[in-house]
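Subject: Structure handover

Hi,

Here is the structure we discussed. My notes follow below it.

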Amino acid sequence: MDALRSIRGMNDILPTEANHWQFLENRVAELLERYGYGELRLPLVEPTALFSRSIGEVTDIVEKEMYSFEDRNGDSMSLRPEGTAGCVRAAIQNNLIANPCRLWYSGPMFRYERPQKGRQRQFHQIGAEIFGYATPDADAELIILLARLWRVLGIADAVSLEINSIGSLEARAAYRAALVSYLEQHRDALDEDSQRRLLTNPLRILDSKNPDTQALLNDAPALEDYLDEESMEHFAALRSYLDTAGVSYTVNPRLVRGLDYYNKTVFEWVTDKLGAQGTVCAGGRYDGLVQQLGGRATPGVGFAMGLERLLLMLEVCGQLPEAKAPDIFVVTSGPEAQQAAIAALEHLRDAQPALRIVQQLGGGSFRSQMKKADRSGATLALLWGEDEVAAGEVTVKPLRDGQEQVRLPLVSLAQTIPSLLQQHSH
RNA sequence: GUGGCCGUAGCUCACCGGGUAGAGCACCGGAUUGUGACUCCGGAGGUAGCGGGUUCAAGACCCGUCGGCCACCCCA
């Protein structure tokens, strides 16, 4: 019988890697809490309509990338392809937006795409949203927080910030019409994908990777010429906050985003170190979304970062934490010694809860147990044999620095171990 | 959804249309019967992704399929 496999693009995270995940998740969570964000834990499955109404009916995400199905009641539901929609839904449903608030969430997202580097079908994001402030200081806080995060993670030199304003809904609609009208006159010069986007999502043509298309865009109407006064002021204020905070950025007038709900500010942190999937974190403002999803009109702004991509960044930048070796590896010889060791180790764990203590299971010759002790990377080996049991003692052998082993009375083990570890760790 | 490259031991990879498919690392045992690392000796581990075809002969060539990687697309 063929062994079953995980679904394509949905990967197991193995222990070594899980350490890296914990490291990253802990750093991000600590920082968000420091800025006063509260965690929200959200369902992985939501009504399909939540996503089609927020992300946009004709976006690729909704049209061909969602895992949608009917439950036994016949209701259409979907695995969430992103986090903002669910967060907004929860904020409305639980009336979190009665007052302004800062929220964050994390977890797996699902999109049916062809897997490649930095892109899988189940991927993980941490996102944060601010509700209730129309002012650009909210946009600035998020971006400044992120700049700090990259410094904390040691990847600040490898990412750069691009920002843009896509204006109000009305400004964007006017611009879209002008852009489409221009591009339709040059339809034949457009690449195939952009011709398709002309009908579905014309603004996305702006960040096409096709050089001919980009050349054509040089003479196209510019988004910034269509911006409304309020959006321009908002954008100028944001830039000034960033300047003051010392956050450097480039204004990319062709930066749009794939999701329909954005207005005014959009931003992306990008890198050239991850191949084709260079966006590590992205976000923007969505002042109409809460109302669109049935809540009282409430401005919002937020971001999401891709954890798989950030882990790749940490690896590239040499910022992953070292594997955790045990502090102590326990070797025993004979059944009496094993009995004595089990009892003694539980006392030690009571007295020193922070220690990582690994006991050899399944017996084996003393020699092979010692080999395992060495391979484990432990700082100290604790050795119990007949002699030690008879004497009520234990042998402590340093494994890393070539120092001599010592024998201790069992009763003093718990209090002596910390200084021995200190002394012999490399 | 489209295209390119790739599937041989747990891992990294060799091989050559013709003998029983190899190496390094890892693993197990021993040299050292209570002491790891360095060294030496031995061992286990493979239906060559799967299915079909060509051939006297296929792991190798062809087709299909599944999987992986990369790019397009999409986006975190």
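F69 is partly exposed, at 37% relative accessible area (buried is under 20%, exposed over 50%, partly exposed in between; 1.4 Å probe, protein chains only). F69 sits in strand β3, residues 68–70.

This is a predicted model: local features need pLDDT of at least 70, side-chain atom pairs count only at pLDDT 80 or more, and totals for chains, interfaces and linings use all residues. Residues are numbered from 1 along each chain as its sequence is written, chains are lettered from A and ligands numbered from 1 in the order written, and side-chain values use heavy atoms, without hydrogens and water.

**Overall shape**

Chain A has 15 helices and 16 strands (DSSP runs numbered from the N terminus: helices H or I, at least four residues; strands E, at least two). Its radius of gyration is 28 Å, well over the 22 Å that the globule rule gives for 426 residues, so chain A is more spread out than a compact globule. The radius is taken over C-alpha atoms, and the rule is 2.2 Å times the number of residues to the power 0.38. The C-alpha trace spans about 95 × 60 × 45 Å along its principal axes. Buried residues make up 49% of the 426.

**Helix α6**

Helix α6 covers residues 169–185. From first C-alpha to last it reaches 25 Å, close to the 24 Å expected at 1.5 Å a residue (1.5 Å times one less than the number of residues). Its buried residues include Y175, L179 and Y182. Among the elements covering the buried residues of α6 are α7 (192–200) and α8 (211–217) (contact: heavy atoms within 4.5 Å).

Best wishes
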